[in-house]
Each structure stands twice: as C-alpha cells, then as structure tokens.
Amino acid sequence: MLTVFPKLGSAFTVIMQVRQNGAMSQSANQDRLTFWANEAANLHWHKSPTKTLDWSAAPFAKWFDDGKINASFNCLDRHVNAGLGDRIALYFEGEPGDTATYTYRELTAAVKRAANALVALGIGEGDRVAIYMPHIAEAIIAMQAVARIGAIHSVVFGGFSAESLRSRIQDAGAKLVITADGGFRKGKATALKPAVDEALADNHCPTVEHVLVVRRTSQPVDTHPRDVEWADAMAAAEAEHVAHGFDAENPLFILYTSGTTGKPKGILHTTGGYLAQVASSHRTVFDLKPESDVYWCTADVGWITGHSYVAYGPLANGASQVIYEGTPDTPDHGRWWQIIEKYRVSILYTAPTAIRSFMKLGRAIPDGYDLTSLRVLGSVGEPINPEAHNWYGSVIGGERAPIVDTWWQTETGAIMISPLPFITKTKAGSAQTPMPGISIAILDEAGNEVGREQAGLLVITEPWPSMLRGIWGDPVRFRDTYWSQFDGKYFAGDGAKYDKDGDIWLLGRVDDVMNVSGHRLSTAEIESALVSHRWVAEAAVVGAADETTGQAVVAFVILRQDEIHDAGADHEISKILRDHVAHEIGPIAKPRQIMVVSELPKTRSGKIMRRLLRDVAESRPIGDVTTLADSSVMGAIGEKLAGGATD
Ligand code: WT7
C-alpha cells in the first residue's frame, strides 16, 4: 500500500494505547488532523493524498483532496489481493428461508460484472443512479458497482411510495433506476417495480434512460422498452473490471432525508473522507476482529445506517456480515434470535424501537435460543431508554456484551458520539463520549457553552472527514440549515446535556423533525401530504410520545366543508387520510391518529403552536395558551375530542 502518512499501526491499536493512559480525547484534539490522516492511510489509495483538510471555503470541506481512491476496490479487491478471498463477506438470509453466501472473491466478481453492466448501459463518472430495492445482496452489489465506476448512487428506501421515489429521481436527475420485481416481507411478496413504473409514468422523469430489474419474487411485472433484466445484463457483461482511482472528493452518494420543510434534502457524501471515517468508526465502536467476528446490522440499505454500517464500513474492514431481508416476526417472533444462533453472530447493531417491541413479547422467546456468541451490542436512531438498555444487556447480551449507544445522523455519515466497548464504562441512556477526532460542544441559544446538567444545543465544532459536503443542488439551504445558528459550527438539530461526569445525553430534536422507530420524518412533509387531499383545508402534525416507536405521528386536520359531503363519519375520513399519507410518502409516515378539528391553535403571527397540540396528543393538561391569537381554540379542540371525534 502506498502511503505518505506516518504509520502508527491500526486505529484500534492507537486508540487502545492512548485510551489506556487516559489521554485519548486530548490527543485526538491536539492532533485531530494527524489522527484522521492515519485513519485514511489504512485505506488503499490509487494516489496518496498529501493534504488532509482544506477548510478555506467553509462550510464546504475538502478532505484528502489530492488523493485518488476507489471505494469499491477498498471494500473488495483489496481483501482478495491480501489473500482473504475465501473469507465470507455476506451471509444473505432471505425471509422465506433461502440463503446465499458470498466470499470476498465472489462478491468482488459479482461487483465487477455489475460495474461492466452499468458501463454498457451508458453510466459513467458523475451520473446518478437511483436504487430502489429490497434488502438483498444485489442491493449492495448495485451500490458497490455504482461506486466502482465513479457514478453516484441515490438509494431510496423500498418502503417509500412511487411519489417519493419520483421526486428523488427528479431532484437527482437519475439516468438509471435499479430495482427488483419485489421482495419478501411479512410472509408475502411485496412489489417494487410497479412503483418505479408509476414514478416514471407520463414522462415525469425524462432523465431516466433504463430500468434494471432484479428478479427476486417471480411475480409478473409490466415491462417497458427501457427495462433491462439484471440477470441478462450480468450474463452479457465482461467478468474483469479494473477499478480506477477517482478524486477523493468525488461524490459517492446522495441520500435523501427529511428536514423541517416539506421537501426532503439530498444529503451529499463524497468518497475518501467518508470511507476513512466509516471504516475507522466501524472498527473501533464494535471492537471489530474481522477474522473471527460475525457482524449483523439490522438496518435496511435504504437508510444511512445501511450505507455506512452495511454497504461500506464492514466491507472496507473485511468483516463477515449477515444481511436479512425480512421482518422480525416472520415466520415467528424468534426469527432474529434464530439468525444469531445460526450464524453465531458476535456483533449486533440495531435500534431501540426493535428492542422495545421484543421486550413487550417477553424474554421467553429469546431465551429459547443460544445467543452466547454475542459479544458487542449496538444501538442507534434515538436515545435508548434505561429499561430497554437493561433488557438488551441482560436478556440478549447475557450481562456479558457491552452496549454502545451511537449518536450520529445521515449528515454526519459516521458515528460521532459513542462509548467504546471494553474501554468506556457504559451508562444506560447516554451516548457518552465524542469519538476520537471529533469535537463536540453543547451551547445555549447565544452560543455560550452550557454547564453540566444543563440542556443546550448539540454542535460539532470542527469539520470531520465523513461530514456531508452539501445538499444536492441547494448550497443555500445547506448553509442555512446547518451553519447559520452558530458561525462556523455545525448545528445538529438535537438537544443535549452533559451529566455530572461530563457524559453526553441526547435529548431529542429541537426542530420540527420527528423520530418514529428511529426514522426521521418531517412534520411539514406529512402536513403537505395531508393538504394535497381535496378534503383537507389545513393540517398540523406533531410527534407524540409512543411506548414502542419512540414518537408516533399525530395529525390534526380541518376539513373543507364544501368537499366533505360525500365523506362519511370522522373515523372513515381518518382512515382514508391515513392511507393517503401512506400513498404520498410511504407507510412509515402514516399517522397513528388523525383528529378532525374545527380550528388550529395559532400565534398572532400565524404560527401553529405544536406544543399545545402535543399536549392534546399525549393526553396532558394543556399548557400556557396566552400567546394564542384566539385563546378559546384549545377549549374547542378539547370539547370536540371529549366528544369522541378521534380516529
Ligand atoms: C437523528 C438522525 C444515525 C442513523 C439513524 C438515524 C437521532 C440518532 C441517536 C442516539 C439519540 C439519536 C437524532 C439525530 N438519533 N441516533 N444514539 N441517541 N438520538 O439517522 O435519520 O439521519 O436521524 O436521529 O435526533 O439527529 P437520521
């Protein structure tokens, strides 16, 4: 491997050494850039970078700018060349019980063919490719193949609607869509291709030249002249493909996420810095031993967790990982534990919402399986409440396996705050410590650091390698959203505090973004989906506390009196509107409850007071109403609801 960086050994060794003498964070801060240069040097560079960070055009960062790198080569060929070709890269477990394993040699061969197939379809450097797939090996092969040829993937979660897919294809100007006929979920085949056809219908997406279709379920699909069968394209493609080095700052992918306005943001990540930090954090946060661990992250590739800690991090580290297509309850509630027992999974990374749903079902189910292979447990997506933490640690981890509560975001690209297993003494409910090389602060509104035990706003004070490089096509929104609150510092949108020991606790979003089952949803996006229905005059959405999903979507709607003569009773209206939201955005955005009201609480300047609606949704006494333009509104809502007019 070519390198210009001073070699300090593996990141893990470095961290062990400095942590053990208690000086890690100090050392990382003093020489943050050296730390990251060393992490980057663990990768294969086609041309080694001589520069680490260029922050001169802040907030637009450049990391390892003059280096050349290929993400796919790092995840695949590199391991084969190092003699690890026979190591299992993927253990694929389909929901119906079908399985497939790929060694690093086999996965490399598949990605090479797929890369050639993409080139044959006219895809080249910088082109955007939308991927709308079930959680199957081909989704990872597709992402790796796109990366390999320097194109940019935009994975759209398979649970999103045709409408959501269309707007993402349009925003990115995708030239190709890679999809499947469908996938298996909850014991049956679900369809994906019809949503692609609907998204592209009526020339809505003129940039799309082809649709590449993987056959997963054998359901009949409509075909169009633009469609190409994945199997045919793979069979026709050359086997050999030489990976070229691309500029470190070449875009790797766009991933859309919800913000505070109705329009999702295309978060842009680039190659060298992203891969360096994702690989480094995956190794240290999970204490990864690639030669012996079996790692399983349950996230779908449609989310950032599935990008950084399924499609890239584990492969960059030469790890063996499980991917499971289906839901945890198919064929029964023991499925996850059966998978852990079968593959002897040693590292499990999942979300608190999953833990809470297992908790409800009782420990008898996991107790029926041998989970003794587990040695590290991870949590991500929302704060893990102490009850869920304790259950996860004792019932699943057998009091042996430490839990790492990892805080990060689509925008940060990689884990930013987390305890390190076997090093940090963990604390239920706290993400605890910034990762090595990461500088965090908690500020008050005026930008001053808050004291311990005081709530404030979480900011990242120094650039980091896997940071987003922008919002696709919208530099103004990028500055406004993240860099305008505190000059030169990244504002995460989360509240946080330090406890008396200086450990960090995350306190939830401080903006109009909800967190439902660890997925980010925007109140504004659901409101605009609701008002797109002809019955709805006005809508307000809040995230209400929910025992299992963390937050649940609760909507308040005012109906158009002139349109609802054919509508039926409130509960029927509510059902139709819930389905409408699922159709517009996807089932994950479906409100738990829709309340039909005659007015919404607004301030004199016309802003909806969601705080008061949250009080109603969570059945609390209603708070201070003095800033309302009309203080009788909440009384009217209360009366209407007391009359039973909810879903
Ligand atoms: C938001 C980011 C990062 C992958 C999954 C979600 C919340 C995430 C934690 C945690 C408390 C957390 C934050 C953050 N969040 N992890 N360990 N403790 N909150 O990615 O969809 O980009 O959402 O999820 O509110 O801002 P995302």
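Aspartate 202 is exposed, with a relative accessible area of 70% (exposed denotes over 50% relative accessible area, buried under 20% and partly exposed in between, for a 1.4 Å probe and protein chains only). The model is a predicted one, in which local features require pLDDT of at least 70 and side-chain atom pairs count only at pLDDT 80 or more, while totals for chains, interfaces and linings use all residues. Residues are numbered from 1 along each chain as its sequence is written, and side-chain values use heavy atoms, with hydrogens and water left out.

Aspartate 202 lies in the loop between α9 (193-200) and β11 (210-214), and asparagine 203 is found in that loop between α9 and β11 as well. Helices (H or I, at least four residues) and strands (E, at least two) are DSSP runs numbered from the N terminus. Phi of aspartate 202 is near 55 degrees, a positive value in a residue other than glycine; for asparagine 203, likewise not a glycine, phi is positive and near 55 degrees. Asparagine 203 is exposed, its relative accessible area being 60%. Most residues other than glycine have a negative phi, and most peptide bonds are trans.

The C-alpha trace spans about 70 × 65 × 55 Å along its principal axes. Of the 647 residues, 59% are buried. Among contacts (heavy atoms within 4.5 Å) with a separation of 6 or more, 71% are between residues 24 or more positions apart.

The interior was examined in terms of nonpolar cores, each a set of buried Ala, Val, Leu, Ile, Met, Phe, Trp, Tyr and Cys residues joined through side-chain atoms within 4.5 Å. The largest nonpolar core has 110 residues, and those with the most contacts inside it are Ile178, Phe286 and Tyr312. Helix α7 (residues 137-148) gives the most to this core, contributing nine residues. A second, separate core of 42 residues includes Ala130, Ala162, Ile169 and Val553. Leaving aside neighbours within four places in sequence, the residues in contact with isoleucine 178 include Leu118, Val129, Tyr132, Met133, Leu212 and Trp230.

Leucine 600 is found in the loop between β30 (593-596) and α20 (610-617), yet this residue counts as buried at 6% relative accessibility. Not counting residues up to four places away in sequence, leucine 600 touches Glu538, Ala539, Ala540, Phe556, Ile558, Ile608, Leu613 and Val633. The C-alpha atoms of leucine 600 and alanine 636 are separated by 9.6 Å, the two residues being 36 apart along the chain.
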